[in-house]
Amino acid sequence: MNILTVDTGTTNTRVTVWHDGDVVGQAARQVGVRDTAITGSTAKLEEGVRETIAEALAAANLGKADIGRAIASGMITSNVGLCEIPHVVAAAGIDDLAAAMRESLIANVWHEPIWFVPGVRNAVDHIGLHNCEAMDMMRGEEVESFALVERLGLDEPTVIVLPGSHSKFVSIDSKRRIDGCVTTLAGELLHVISHDTILAGSLKDGFAKRIDAEMLLAGAASAKKIGLGRACFSVRILDQFAVYDANARANFLLGAVLGSDLLTLKNSSAIRMSPGTRFVVSGKPILREAIGRLVEGDDFFSGTVTVLGDDEQRDLAGYGAIAVARRRGLVD
């Protein structure tokens with residue numbers, strides 16, 4: 001069977017065409033639910049998804065009639081997406097997501113009903129100042145997580161790290177369920193600090209080009225001791241009064257921001273992890289190597305650390321969406 005998967009986030013949409021488990025065509029476009037939030041209309045999102053589907057089909061040398069099933073996941077199921085579905089409440093297994101899938105015909109996008117995979121949220125009710133930190137949610141990372149659970153055969157408590165503009169830490173329990181998640185703004189913070197503050201001049205190219213373990217660990221230690229704001233300003237001090245190059249300074253900043261994420265894991269009530277929990281780290285090469293180094297260099301964490309290769313994390317969203325649909329009986 002030929003299957004079409006749509007992964008729509010805040011700013012980007014990726015469409016993948018699959019044949020018997022293999023990718024035969026892909027396309028991506030800078031269109032997402034942010035466009036709906038800005039314009040108040042889904043028209044631009046619908047147009048963008050439709051055109052991305054057409055590009056992916058062309059890349060696969062297939063037509064609409066050749067597709068047996070269309071499946072979508074991510075922010076496309078939010079209130080500013082194309083088919084709003086309530087989050088499934090953790091702890092949530094792949095069968096829970098499959099049972100909560102919904103189909104919807106969106107004629108401006110696809111000629112047949114699309115099946116949508118819901119997101120997952122933490123089990124916290126009556127939100128207020130007393131418990132808001134315990135709440136978190138995801139749309140899109142749940143299918144990526146279940147893809148990794150299946151690909152890696154995870155059957156022990158694991159934290160899956162999915163870094164990006166919003167870094168997501170997904171807790172998997174021994175029953176292969178998502179039992180919670182926690183989100184930080186690490187990626188956005190790195191971008192803003194590197195490009196839109198006084199540190200821009202001290203960082204030259206902005207982001208670290210290669211890992212400098214000494215500076216990375218030093219940045220994390222600094223943020224832990226004196227706070228993220230002061231650690232960040234230390235980058236300018238290192239530029240003005242020391243001999244470290246731009247990449248070293250960028251590693252210090254990277255360590256400071258990602259080190260703050262480790263503090264989140266130790267102290268957040270959104271997920272309650274033990275020091276021996278296994279880590280599986282995904283993401284771009286620099287980010288996943290940096291997180292792996294920081295976890296291994298922190299005495300709090302004693303579990304196995306698995307830093308994924310490019311092949312292991314390729315096409316996670318589509319792979320996971322198909323795995324959920326298979327549990328629903330929608331695909332073979």
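Visitor: Where the axes of helix H9 (residues 246-267) and helix H10 (residues 285-296) come within 10 Å, how do they lie to each other, oblique or perpendicular?

Guide: The axes, which are lines fitted to C-alpha atoms over the stretch in contact, with angles from 0 to 180 degrees between N-to-C directions, cross at roughly 60°. Under 35 degrees counts as roughly parallel, over 145 as roughly antiparallel, 65 to 115 as roughly perpendicular and the rest as oblique. H9 and H10 are therefore oblique.

Visitor: And what kind of model is this?

Guide: Residues are numbered from 1 along each chain as its sequence is written, and side-chain values use heavy atoms, without hydrogens or water. Local features need pLDDT of at least 70, side-chain atom pairs count only at pLDDT 80 or more, and totals for chains, interfaces and linings use all residues, since the model is predicted.

Visitor: Which residues of H10 make the contact with H9?

Guide: Contact means heavy atoms within 4.5 Å. H9 brings Leu254, Gly255, Leu258, Gly259 and Leu262. On the H10 side it's Ile286, Leu287, Ala290, Ile291, Leu294 and Val295.

Visitor: What is the strand order in the open sheet of six strands?

Guide: Helices (H or I, at least four residues) and strands (E, at least two) are DSSP runs numbered from the N terminus, and two strands pair if DSSP finds at least two bridges between them. The pairing here is mixed, and the order is E3-E2-E1-E4-E7-E6.

Visitor: Which strands sit at the edges?

Guide: Look for strands that pair on one side only. Those are strand E3 (22-29) and strand E6 (102-104).

Visitor: How many bridges join strand E1 (residues 2-8) to strand E2 (residues 13-19)?

Guide: These two run antiparallel, and threonine 5 stands opposite threonine 16 in E2. The number of bridges between E1 and E2 is seven.

Visitor: Is serine 73 buried or exposed?

Guide: Serine 73 lies in strand E4 and is in contact with residues including Val6, Asp7, Val143 and Ala317, leaving aside neighbours within four places in sequence. Buried means under 20% relative accessible area, exposed over 50% and partly exposed in between, using a 1.4 Å probe and protein chains only. At 2% relative accessibility, serine 73 counts as buried.

Visitor: Which helix lies across E1, E2, strand E4 (69-74) and strand E7 (114-116)?

Guide: Check the helix at residues 316-328, running at about 120° to E4. That one is helix H11.

Visitor: Which residue follows H4?

Guide: Helix H4 covers residues 141-152, and Phe146 and Leu148 are among its buried residues. The residue that comes next has a positive phi, near 65°, and is glycine 153.

Definitions and conventions. Expected span 1.5 Å × (residues − 1).
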